[in-house]
Amino acid sequence: MTATVSFTIDSPLGPRTATAAYERKGAGEPLLLLHGIGHHLQAWHPVTDILAAEHDVIAVDLPGFGVSQPLPHGVPYGLGTVAPALGALCAALGVERPHVAGNSLGGLLALEMGRSNLVRSVTALSPAGFWTEGERRYAFTALRAMRAGSRALPRPALERLSRSAAGRVALTGTIYARPGRRSAEAVVAETLALRDATGFEETLAAGGSVRFTDDVPGLPVTIAWGARDRLLLPRQGVRAKHVIPGARLVRLPGCGHVPMNDDPALVSRVILDTTRQRNSSGAAAL
């Protein structure tokens, strides 16, 4: 069941109160799950039960996405604000230095939380921030096209499209390698989440100058990339490995940009392998 939590953000304008929606399940060491831009916490549903067998799993709607409120007026959507805000969110939930797994934007935030020593391990699935300028422009153009499509479709047309495998490919083929596996209800919900995301434009604008260039030393870090990622191309994973040399680099065969639905068992295993590590060592080639 979705709940909400209030927490304090230290912003350039002084302390501000924000609220976010989350779901919590399981027991064990805490594991924070962060979705990508325009998505919502339900992106993690295919793997939540598996992860909850070993962890206290907390999946959140990032500020301005899903049913979470946008950041308070005047508070920027940059890494330097959102990553510490997620640390404050964890503190409000009584959680200290969780493991974290993130996808796309969530992967970038997970790495930033690791760099800031806010977490105990990081699993980043196709994280943003390792692109060339051309790759960034391509990804942002695709995201804007998806957003425009979600806003142009009347809900009855969206529901009709979602009932067929071909329609689900048209709606979500950019982010899934196997969109036909997605349920009609899930496709409708995530398309509406993209349409209604109040933080989309400001997050995209903030991402225009983002490059992740720092190491994340002293933590277990896994960077995993879908072999069929059409949004952030898999070669970006090799760059990520150069930036974070201690990271384990894992290829996800048959998976797209949001791999949790394409292969839940594989993604769960990659995350659990990371949370079980005691130090950052080893690498698997893409």
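Here is a short walk through this structure, from a pair of helices to the core and then to some aromatic rings.

Keep in mind that this is a predicted model, where local features need pLDDT of at least 70, side-chain atom pairs count only at pLDDT 80 or more, and totals for chains, interfaces and linings use all residues. Residues are numbered from 1 along each chain as its sequence is written, and side-chain values use heavy atoms, with hydrogens and water left out.

Let's start with helix 2 (residues 79-92) and helix 3 (residues 105-115), whose axes come within 9 Å and cross at roughly 75 degrees. Helices here are DSSP runs of H or I with at least four residues, strands are runs of E with at least two, and both are numbered from the N terminus. The axes are lines fitted to C-alpha atoms over the stretch in contact, with angles running from 0 to 180 degrees between N-to-C directions. Helix 2 brings Leu79, Val82, Ala83, Leu86 and Gly87 to the contact, and helix 3 brings Leu108, Leu109, Glu112 and Met113; contact means heavy atoms within 4.5 Å.

Now zoom in on valine 82, which sits in helix 2. With 8% relative accessibility, valine 82 counts as buried, meaning under 20% relative accessible area with a 1.4 Å probe and protein chains only. Leaving out residues up to four places away in sequence, valine 82 touches Leu71, Tyr77 and Leu109. The C-alpha atoms of valine 82 and isoleucine 9 are 8.6 Å apart, although 73 residues separate them along the chain.

What about the core? The largest nonpolar core has 85 residues, and Leu34, Leu111, Val221 and Ile244 touch the most other members. Such a core is a set of buried Ala, Val, Leu, Ile, Met, Phe, Trp, Tyr and Cys residues joined through side-chain atoms within 4.5 Å. Helix 2 gives the most to this core, with 7 residues.

Finally, look for the 2 aromatic pairs, in which ring centres of Phe, Tyr or Trp (its six-membered ring) lie within 6.5 Å. Phenylalanine 130 and phenylalanine 212 have ring centres 5.8 Å apart and planes at 55 degrees, so this pair is tilted, the label for planes neither under 30 degrees apart (stacked) nor over 60 (edge-to-face). Tryptophan 131 and phenylalanine 140 have ring centres 5.5 Å apart and planes at 90 degrees, so their pair is edge-to-face.

Terms used
Buried < 20%, exposed > 50% of the residue type's maximum accessible area, 1.4 Å probe, protein only.
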